[in-house]
Amino acid sequence: MSGPPPVSPAGDSDSTAGSDSIADTRTTRRRLLGSVAAVGVGLPLAGCGSTGPPSDDSGTDATESPSTGSPTSGTDAPADRGPAPSVVGPWPQARADAGNTGAVPGTGPLGAPSVRWAVASAGAVGVSVSLGDSVSVGADRDSDDASEAGGAYAVAEDGRVAAVDLGSGETRWTAAAGTTPFAPAVGSGRVVVPERERLVVFDAATGERLRAVSVSGGIRHAPTVVGSRALVGTSSGGLVAVDLASGETRWQTGAPSQTYPPVVVDGVAYATARRWETAGDGETAAGDSTTDAGDGGTAAGDTDPTEGAGVLVALDVGTGERRWAVGLDGRPTASPGYHDGVVYAGTHRGQVTAVDAESGDSRWRETVGDWVTHGPTAAADGVYVVVLGEGPVKLSTDGQVRWRSEADVGTAPALADGVALFGAKDGVVAADREDGGIRWRGDTDAAVTADVRVAGGVAYAGDRYGTVVAFDAATGELRWRSPFRPKRMLGPVVGPRTVAGGSRDGGTYDLLATDGTEFPLVGSVGSPGRTPVFLENEPRSSRETLLSVAGDGTAARTRTTDYGDAPATDLRPTPTPTATPEAGAPTATPTPHIDFPRPDERWAVALDVVPRSPVTYADGLAYVGTSEGIAAVDARDGRIRLRRALGAAVSGAPAAGDGRVVAATRDGRLVAMSVPDGSGDSTGGSSDSAGDGVSVGTDGDPSDSDPSAGTVRWEVALDGPVHSGPAVADGSVFVATETGDVASYSLEGAERWTRALDGEFFGGVAVADERVYVGTSDGAVLALARSDGSAVWRASAEGAVHVTPAVGGVGDSERATVYVGDHAGTLSAFETDTGDLRWRLPLGRWVDAPPAVGHGAVFVADQTGRVYAVVGRQ
């Protein structure tokens, strides 16, 4: 068969052992226990069809709401719900209190700081890369047509999308889809981002979102884009052909097969599947082929089709009609490879099969190990695969093993001139195509678990910490490094015994404050958790509870694990403190292996929203910002009390105080609402203009059955988007905008003052005594007078500040301290009166989560997913 080079899927290879990743980089005992807990209460799990929210920094409402549900309870809820529980702990919610002031009487270390423990619990946001209109791994790369690629396109797991200049690494545009574990697919001027149940399509030149296309059967990988069509491999729907221009499904075949996206050559799609259920008259079903393998070999069809047997099929791209099907010896683990008229497939039984692309006749089959985890990638000089527990293997085009490499790699081979490139735990590895020897290693910030891409002699990759890198493919020289991480991340909260927070890997982490012992994940583990709230003990229980909200819209109240004691005194340095990490290798504190019981869930409910903010708790109600506005749930029984659309996303924690709930929207509005009344009813109403940019709400009738209604008392337009929620203190509202404004309003919506400052604000304000504290993207830490916004002092962090400061020691002028993390990976402490530096402590990387103060320590997370307990002299 001759013609143009094949079009291959942008998605990566998959297997039970190596599923697009290095096996030990994602699953831990704690996450496994958390998954068991979720199964026990019937909550959604990862990969079960839910789609999470976009990043807090996406600025778009890109996901659909999950299905609604009713509260479920481990115990029968009493008819009389009783009094509302109180918050407990020194820093029980995201910004310390319901008003988001970010200030508490207790303080952290005043001097000589050190890390008491560090645990990788908060999760990281990995990134994958595809190239514009390039030939992807798994296909013939010798022609190097990828050199004509127009750009690199990066997709982070939280749904952020960017077009990146191939030469410089500079970002050309950004956009947002929903959460995704897959690489994008690029072709015909479109960037296609696969989520679990749909494709989100963007214009490759501008980043304009064109449409979202639902796909049944559960998407497994990035699709193969051919012209205006995307060929999508699914978990149970076979292969689906979607028209990207219209959003229509052109054909679907093979359901309920589990199918990988195909490689396409001359109008024929070659795909691997675990079974094939659509044999028609005159066609050969999977496992029934009797093609002679030749030279004493086993025929491709002489296999057992029962125990997970697989199939390699050839389909007409236009119609989906099957041309031939050849049974494999076991389950395929990736899309096939193609070169010069031959199609190659690998299986979980360690065999590579070569089939004539025109006829389906078997050429050869060779056992190369226990399990082919990635590949095949085919070229004129041979066929490259990765074998479980062994590493890369090269076969000749007639099936003879040419070499084996011991390189510990975890992605499909990508071929460049003279080298085969792989992602590995410590970066990118280049193996010599002639003998398998290691030519070079390119270090990255974290493991590279998505396939490497090649264009014009340059290798591009994304790592688990969200950095995109470019290496010279021949020498390994670093061309550029481009961080693609969220502007900020969620921080921890501190309860009486434990420290908790939303994990970006799914669920809510819970750690013993004294030593960082990890307890099982809390809440729904199927999507990233938001920052929870610590509430007092349930009746007849000695444990506090966590009220958590997951990205899939599931709210839950859970009793924490009954293990360990609360700190009896302020935490102090241990005899051998955890070493401060070097810049390239942050360390984590080892924790003992203990089989804890699963968390005891009081209730769980689907909110029918896409949560976007930390949880704020006040007077029995837990509020969360959503992709469309705000929602509230009763902490006692999970009853939904409020679900209000505000016309834009609310990504910062709402603030509650003095009978008002105040939220700031991503389109730059400050909105004040009435607190739902004590009966649990929500009130509806309309808004009338009061002049001067303030809209004042009018009361509506209470509705016991319509939680979507709510009373907006007033709203004002700000000068820019707001990423973090406002603060409410002593009858005033304070807010910071991305464009550099800090403003104060009365609780009736009257403007008190606005100050235009240098830099951008991605964090919020902290309010303590007579000061307002804020950090800027320029690395400044500012103290403003609460009365008029005038500058009191200005200090400098080591890098850009994307977090809300935390203030400890309120009321004690000698001990009062402002704690701030920065993008340089440093935690700094400043005196509140003067701004003088008390201390700085380099931590891991990019401390973009707001600190929390409690038990004499400062707890903070960084973009690597580590949570730190920083202690010192009090």
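This is a predicted model: local features need pLDDT of at least 70, side-chain atom pairs count only at pLDDT 80 or more; totals for chains, interfaces and linings use all residues.
The chain's accessible surface comes to about 28500 Å², and carbon and sulfur atoms hold 44% of that.

Q: What makes a residue of this chain count as buried, and what percentage of the 874 residues are buried?
A: The cut-off is under 20% relative accessible area. Buried residues make up 64% of the chain.

Q: What makes S29 and S30 a pair of strands?
A: Pairing takes at least two bridges. Strand S29 (residues 427-432) and S30 have five, in the antiparallel sense, so they qualify as a pair. Along the way, Val428 sits opposite Gly442 in S30.

Q: Why are S27 and S30 said to stand at the edges of their sheet?
A: The sheet is an open one of four strands, ordered S27-S28-S29-S30, with antiparallel pairing. Strand S27 (414-416) and strand S30 (438-443) each have a single partner strand, so one side of each has no neighbour in the sheet. From one strand to the next, the twist averages 25 degrees.

Q: What makes the set with Trp91, Leu843 and Phe859 a nonpolar core?
A: Its members are buried residues of types such as Trp, Leu and Phe, joined through side-chain atoms within 4.5 Å. This set is the largest nonpolar core, with 39 residues, and those three have the most contacts inside it. Elements giving it two or more residues include strand S2 (111-120) and strand S65 (857-861). Another core, of 17 residues, lies apart from it, with Val125 and Phe484 among them.

Q: Which residues does Phe859 touch?
A: Leaving out residues up to four places away in sequence, its contacts include Trp117, Leu571 and Tyr868.

Conventions
Residues are numbered from 1 along each chain as its sequence is written. Side-chain values use heavy atoms; hydrogens and water are left out. Buried means under 20% relative accessible area, exposed over 50%, partly exposed in between (1.4 Å probe, protein chains only). Accessible areas come from the Shrake-Rupley method with a 1.4 Å probe; for residues, only the protein chains shown count as cover. Axes are lines fitted to C-alpha atoms, for helices over the stretch in contact, and angles run from 0 to 180 degrees between N-to-C directions. Contact means heavy atoms within 4.5 Å.
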